[in-house]
Amino acid sequence: MKKVVKKTTEKYVTEKTFEKSMQSIAKSFENQDRVLDIIVKELRNIHEDNKNFRQSISSLDRDNSYNDRRIENLTMRVEKLEKTK
């Protein structure tokens, strides 16, 4: 059998096709800009949440340390009272 090569007709890009392609590319970039804006906003929100969380934890840690010292002080006072009895 003999192989047959199909002829392809050459097509040129018309101005209309080119403009249509450029518009779709522009829409694609516009959509990416919106997505990037959303991502940046979410990252800022996450950063702010983490900042608030760290402040809360820091406050709890300070309170815990303060309470531990008070308990230690009270324990020492009770021990002294018990010794004097």
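The chain exposes about 9300 Å², and carbon and sulfur atoms supply 56% of that area (Shrake-Rupley method, 1.4 Å probe; for residues, only the protein chains shown count as cover). Do keep in mind that this is a predicted model, in which local features need pLDDT of at least 70 and side-chain atom pairs count only at pLDDT 80 or more, while totals for chains, interfaces and linings use all residues. Residues are numbered from 1 along each chain as its sequence is written, and side-chain values use heavy atoms, with hydrogens and water left out.

**Fold and burial**
- The chain has one helix and zero strands (DSSP runs: H or I of at least four residues for helices, E of at least two for strands, numbered from the N terminus).
- Of its 85 residues, 0% count as buried (under 20% relative accessible area; exposed is over 50%, partly exposed in between; 1.4 Å probe, protein chains only).

**Salt bridge**
- The structure holds one salt bridge (a side-chain nitrogen of Lys or Arg within 4 Å of a carboxyl oxygen of Asp or Glu).
- Glu 30 and Arg 34 form a salt bridge through their side chains, at 2.5 Å from N to O.
- These two, Glu 30 and Arg 34, lie four residues apart in helix H1, so about one helical turn separates them.
- Glu 30 is partly exposed at 42% relative accessible area, and Arg 34 is partly exposed at 46%.

**Surface patches**
- Val 13, Phe 18, Met 22, Ile 25 and Phe 29 make a nonpolar surface patch of about 490 Å² (residues with over 30% relative accessible area and no salt bridge; nonpolar side chains joined within 5 Å, like charges within 9 Å).
- Within helix H1 sits Phe 18, partly exposed at 42%.
- Asp 68, Glu 72, Glu 79 and Glu 82 form a negative patch (Asp and Glu count as negative).
- Asp 68 belongs to helix H1, residues 15–84, and is partly exposed at 45%.

Key:
The place of a charge is taken as NZ of Lys, CZ of Arg, CG of Asp or CD of Glu.
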